[in-house]
There are 2 protein chains.
Amino acid sequence: MNLLAKVDSFIATQGLLQPGQRLVAAVSGGADSLCLMDCLHRLGFRLVVASLDHQLRPESAEDCRFVQDVARAYTDEVVLGTADVRALADQGLSVEEAARRLRYRFLVRVAQDRDARTIATGHTADDQAETILMHLLRGAGLEGLRGMLPSTALSDWSDIGASKGLSLVRPLLEITREETRGHCAAIGLTPREDHTNQDRSLLRNRLRHDLLPTLESYNPQVRESLWRLGRLMAAQAEFVDQTVAAVWAEVVRSRGERAFGIDASALATQPEAIQRALARRAILLLRPGLRDLGWETTERIRAFVELPPQTRHLEVLGGLELFHLGPEVVMAERGGRLEFPEFPQLVSHAWQALTIPGEVALECGWRLTSGETPLGKRGGDPSSGDVPEREAILDADRLPGPLGVRGPRAGDRIRPLGMGGSAKVADMLINQHIPRPARPRWPVVVAGDEPVWVAGLRVSDAFRLTAQTSRGICLRLLPS
Amino acid sequence: MNLLAKVDSFIATQGLLQPGQRLVAAVSGGADSLCLMDCLHRLGFRLVVASLDHQLRPESAEDCRFVQDVARAYTDEVVLGTADVRALADQGLSVEEAARRLRYRFLVRVAQDRDARTIATGHTADDQAETILMHLLRGAGLEGLRGMLPSTALSDWSDIGASKGLSLVRPLLEITREETRGHCAAIGLTPREDHTNQDRSLLRNRLRHDLLPTLESYNPQVRESLWRLGRLMAAQAEFVDQTVAAVWAEVVRSRGERAFGIDASALATQPEAIQRALARRAILLLRPGLRDLGWETTERIRAFVELPPQTRHLEVLGGLELFHLGPEVVMAERGGRLEFPEFPQLVSHAWQALTIPGEVALECGWRLTSGETPLGKRGGDPSSGDVPEREAILDADRLPGPLGVRGPRAGDRIRPLGMGGSAKVADMLINQHIPRPARPRWPVVVAGDEPVWVAGLRVSDAFRLTAQTSRGICLRLLPS
C-alpha cells in the first residue's frame with residue numbers, strides 16, 4: 001500500500017476527518033509536516049496552513065517564508081505567526097514546554113479565527129515510538145504508555161485555551177519519518193532541516209539519535225515493540241474506561257459541585273486496575289485538563305481508602321483533599337462546600353427568622369417548618385417514642401424570644417427532653433456521628449439566642465408542653 | 001525495614017508459604033541464593049537445599065561443594081546434582097534454555113523425592129527489572145510485561161515434568177541484588193562469583209551490564225519504572241482474567257475435548273483487550289504449558305474472526321486450526337473430533353444394522369429409532385408439512401435390503417419425496433448448510449446399500465407409502 005492509501009485508510013478507520021472537510025494543518029517546513037500538507041490536499045481536504053516562528057533559531061523566519069511559498073500550491077489560506085518562547089520560558093517553564101504551549105495556543109487561535117473545528121499535526125510513528133519510550137523511562141501509567149492518540153479533544157488540555165469541540169488529529173501516526181522523507185522526495189519538495197533536532201540537550205533528541213539506535217542493537221524491531229506496547233495499553237485503557245464508566249454510579253456519588261463521595265467498601269471489591277482508574281477519573285473531573293497525573297497520586301488514594309476511618313485527611317494534590325466520611329471517602333477541594341442530601345443542612349450558618357407559621361428552605365430540597373399545633377399532643381418522654389425525631393413540640397408562651405434558625409455556635413447547650421443535665425450541642429453532633437463537614441450548617445432552632453431544637457436530634461426539655469400550656473408550636477423537618 | 005522483615009512481609013502479603021513449612025531452596029552459591037537460604041532459615045522454614053552443577057564452567061563442581069559446606073549450618077538435607085547441559089543444547093536448544101530446563105527438572109525431582117510442595121528461588125528485583133526489559137524489547141503482551149510472579153504453578157510449565165500442586169515461589173522478588181550482597185557480608189558469607197554472568201554473548205548479561213546502566217543515564221530510577229510497568233501489567237492481567245472468566249461461558253462453548261466454538265458476533269462486541277485474552281485462554285486450554293504465546297497469534301485470531309465465513313481455515317499454531325462454522329469460529333486440533341450437540345452425528349461413519357424395531361445411539365445423547373407404524377399414516381407431499389422432519393415413513397415391503405445406518409458415501413444419491421430428479425447426498429448436506437466437519441458422520445439410513453433417509457433432511461420418494469403398502473416403518477430422530 002502506498003503512503004497516500006495508508007493515510008487515507010488510517011483517517012477512515014479512525015474516523016479522524018469528514019470527506020472534504022476544512023481543517024488547520026500545522027506546517028513547520030520539515031518532511032513530516034510537508035508530507036502531511038501534501039497528503040491531506042491530495043485526499044481532498046481543504047486546508048488552512050498555519051506556521052509558527054518560534055524565534056529560537058536564526059533561520060526560523062526563513063522557514064516560515066518557505067512554508068508560505070510551498071503552501072501556496074495547496075491553499076489560499078496561509079497564516080504565519082511568531083511566538084516569544086524565551087519570554088514564556090523565563091517564567092519557569094522549560095523551553096520545550098513553553099514552545100509546545102505557544103504552538104498549540106497559536107493553532108487554536110487560527111482554528112477559531114478561521115472557523116475550523118480540527119487541527120492536524122504531522123506526528124509520525126517514529127514520534128510515537130519516542131513518546132512511548134519517554135513515558136516508559138519515567139514510569140508512566142496506561143495513559144502515558146499508550147502514546148499519542150489518533151485524535152484528541154483539545155479542550156481537555158487546560159493550558160492552551162481551546163474551546164469545546166476543537167480536536168487535534170494525527171493522520172501520519174502510522175507512517176514512519178523515513179516514509180515522509182521519501183514522499184517529499186517523490187513530489188520534489190526539499191524539506192527544511194530544523195537543526196535543533198540535533199540538540200542533544202533535549203531529551204527527545206537523545207532518545208531519537210542515541211537511545212533508540214542502542215535499543216535497535218538489541219532488537220532491530222524495537223520500534224514495533226514500542227508501538228505494540230502502545231496498542232496494548234490503548235486497548236487496556238479503553239477496556240478500563242468502559243468498565244469504570246459502568247462502575248462509577250455504583251461506587252461514587254456527587255457531594256456537591258467540587259466533591260465526590262466514594263463508597264470505601266464497594267471500592268475495595270473492585271480490581272486494582274479499576275480502583276486506580278476510578279481515583280484517576282475523580283481527580284480529572286475535579287481538575288479537568290490536568291496533565292501527567294502520576295501513578296503515585298492514585299496509589300496514595302488507594303492506600304488511604306484502606307486506612308481506618310480515624311485517619312486524618314490526606315492532601316492528594318495542592319488544595320485537593322481526601323477524608324473519611326462514615327462509610328465513604330470524600331474527595332473534595334479544600335474549603336469547598338460539600339452536599340449532604342442525607343442530612344438537613346442550612347444554606348448559611350447565619351441566623352434567620354422562623355415565623356409561626358413559617359418555613360426555612362434547607363439544602364438539597366429539605367425544609368424546616370413551624371406551625372401551631374392542637375394541644376391534645378403533649379411533649380412526653382422521648383424514650384416512649386411519642387415524639388418523632390423529625391418533629392418537635394414546644395410551649396409557645398414560655399419561649400424567651402422570637403424563633404430563628406442558625407448553625408451551632410460555640411457556647412450552645414441544651415437540656416434534652418426527659419434527660420437530666422444539659423449538654424453541648426457540639427458534643428451532641430459528634431455523639432450522633434454527624435460527619436465533621438456537616439456540623440457547621442446543621443440547623444439549630446433558637447428562641448432569642450437559646451437553642452430549643454437541634455433539628456432532627458434533640459429538643460429542649462425547658463419548653464415542653466405542660467398542663468399550663470395555652471399554645472403549642474410544632475417544628476418539623478421535611479426531607480426532599 | 002531491614003531485609004529479613006521485608007522478605008517476611010512479602011511472603012505474608014503474597015501468601016507464598018505457610019509458617020514453618022518445609023521447602024526446596026535452589027542454591028547456586030551466589031549472593032542471591034545464599035541470602036535466600038539464610039532468610040528462609042531465619043524465618044523458621046525447614047529447608048531442603050538443592051544445588052545443580054551445570055558443568056558449564058571448570059569451577060562449577062567446586063561451587064556445589066561450597067553450597068554443601070555452607071548449607072550444613074542450615075539443614076541436614078542437601079541434594080547435589082549434575083546436568084549435561086551441552087548434550088541437551090546439542091539437540092537444538094540454546095544453552096540458556098537447556099540449562100533452565102535441566103535446572104527446573106532437577107528441582108522438581110528433588111521436591112518430589114523429598115515430598116516437598118514448594119520450590120523457592122533467589123530471583124531478585126534486579127532479575128525482575130531485567131526480565132521486564134527483555135520482554136519489552138521483544139514486544140511481549142501483558143503476561144510477559146508483568147515479569148515474574150511471586151508464585152507460579154510449576155505444572156503450567158509443560159517442559160519440566162512437574163506434577164500438579166507443585167509451586168515455585170520467589171521470596172526475594174522485591175529485594176535488590178545489592179541488598180542480597182549486603183546481607184551476605186553482614187552474616188559473614190562470601191558468595192561464589194559465577195563468571196558466566198559477565199559473558200556478553202548472553203542477552204541477559206548485556207541487559208544487566210550495558211543496557212540498564214545506559215537507561216539509568218536517562219532516568220536514574222529506570223528500574224523503578226520497569227517494576228511499576230510490571231505491577232501495572234499484573235493488575236491489568238488480573239482484571240482481564242477476572243472479566244474473561246465471566247465472559248467465557250457467554251462467548252465460548254466446548255465442541256469436544258480438543259475444540260472450542262467461539263460465537264463470532266458475541267466476540268465482536270467485546271473490547272479488544274478481552275478478545276485477545278479470550279483467544280489466548282482458548283489456545284492455552286488446548287495447549288497447556290505453551291510458553292511465550294506471541295501477540296501475533298492472538299492478533300491473527302482476532303483478524304480471522306472478523307473475516308466473512310467463506311474464508312478458509314487458518315493454522316493458528318502447528319496443528320491447531322481455526323475455521324468458520326455457521327455463526328461460530330471453531331478452534332480445534334487438526335483432525336480432532338468435533339462435537340455437534342445441535343446435530344445428529346454417528347459415533348462412527350461405518351455401517352451398522354438397524355433392526356425393526358430397533359435403535360442406534362448417536363453422539364451427544366441423540367438416538368435414531370425404527371418401528372412399525374399403523375397404515376393410517378401416509379407419506380405425502382413434504383411441502384404440505386405432514387411429514388415431520390425428524391420422522392420418515394417407508395414401505396417395508398419394497399425395501400431392497402436390510403436397514404442400516406452409516407455416514408454418507410461418495411456415490412450416494414436419493415430422489416427426495418415429492419420431487420422430480422435425484423440428487424447427491426453430499427450436495428444435500430451442503431445445501432442444507434451442514435458444516436463440513438459435521439458431514440462425514442451425518443446419519444444416512446440405507447436399505448441394502450440404497451439411501452432411504454438422510455436423517456432429518458430428506459426421505460426417498462422410492463419407498464413412500466402407497467395404496468398397496470401392507471407394512472409401514474417409521475424412522476425417528478430423537479434429540480437428547
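Just after helix α8 of chain A, A:Gly188 takes a positive phi of about 75 degrees. Helices here are DSSP runs of H or I with at least four residues, strands are runs of E with at least two, and both are numbered from the N terminus.

Before going on, a word on ground rules. This is a predicted model, so local features need pLDDT of at least 70 and side-chain atom pairs count only at pLDDT 80 or more, while totals for chains, interfaces and linings use all residues. Residues are numbered from 1 along each chain as its sequence is written, chains are lettered from A and ligands numbered from 1 in the order in which they are written, and side-chain values use heavy atoms, with hydrogens and water left out.

Which residues of α8(A) are buried? In this helix, which spans residues 177–186 of chain A, they are A:Arg177, A:Thr180, A:His183 and A:Cys184. They sit on the same side of α8(A) because they cover an arc of only 115 degrees around the axis. That arc is taken from the directions from the helix axis to the C-beta atoms. "Buried" means under 20% relative accessible area, "exposed" means over 50%, and "partly exposed" is in between (1.4 Å probe, protein chains only).

There's a handy rule behind this: an α-helix has 3.6 residues a turn, so residues three or four places apart point the same way.

And the other face? Turned away from the buried side of α8(A), you'll find the exposed residues A:Glu178, A:Ala185 and A:Ala186.

**Zooming out to chain A**

Chain A has 14 helices and 22 strands. Its C-alpha atoms fill a box of roughly 105 × 50 × 40 Å, taken along the principal axes. Chain A has a radius of gyration of 32 Å, whereas a compact globule of 480 residues would have one near 23 Å. The radius is taken over C-alpha atoms, and the globule rule is 2.2 Å times the number of residues to the power 0.38.

Of the 480 residues in chain A, 52% count as buried. The chain exposes about 21,700 Å², with carbon and sulfur atoms supplying 50% of that area. These areas come from the Shrake-Rupley method with a 1.4 Å probe, and for residues only the protein chains shown count as cover.

Take the contacts (heavy atoms within 4.5 Å). Among those in chain A between residues at least 6 apart in sequence, 68% join residues at least 24 apart.

The peptide bond from A:Ile356 to A:Pro357 is cis, with omega near -5 degrees, and A:Pro357 is in the loop between β12 (352–353) and β13 of chain A. In chain B, the bond from B:Ile356 to B:Pro357 is cis too, with omega near -5 degrees.

Next along in chain A is A:Gly358, in strand β13 (residues 358–361). A:Gly358 is buried, with a relative accessible area of 17%. Not counting residues up to four places away in sequence, A:Gly358 touches A:Leu368, A:Thr369 and A:Ser370.

A:His433 is in the loop between α14 (425–431) and β19 (444–447) of chain A, while B:Cys364 lies in the loop between β13 and β14 (367–373) of chain B. A:His433 counts as exposed at 69% relative accessibility, and B:Cys364 as partly exposed at 29%.

**Pairs in sequence and in space**

Here are some residue pairs, with their C-alpha to C-alpha distances.

| Pair | Apart in sequence | Apart in space |
|---|---|---|
| A:Gly358 and A:Leu368 | ten residues | 8.5 Å |
| A:Ala277 and A:Ala237 | 40 residues | 9.0 Å |
| A:Arg114 and A:Glu238 | 124 residues | 33 Å |

A:Ala277 is in helix α12 (residues 272–286) of chain A and counts as buried at 13% relative accessibility. Leaving aside neighbours within four places in sequence, A:Ala277 is in contact with A:Val240 and A:Val244.

Where does A:Arg114 sit? A:Arg114 is in the loop between α5 (95–113) and β4 (118–120) of chain A, and it is partly exposed, with a relative accessible area of 30%.
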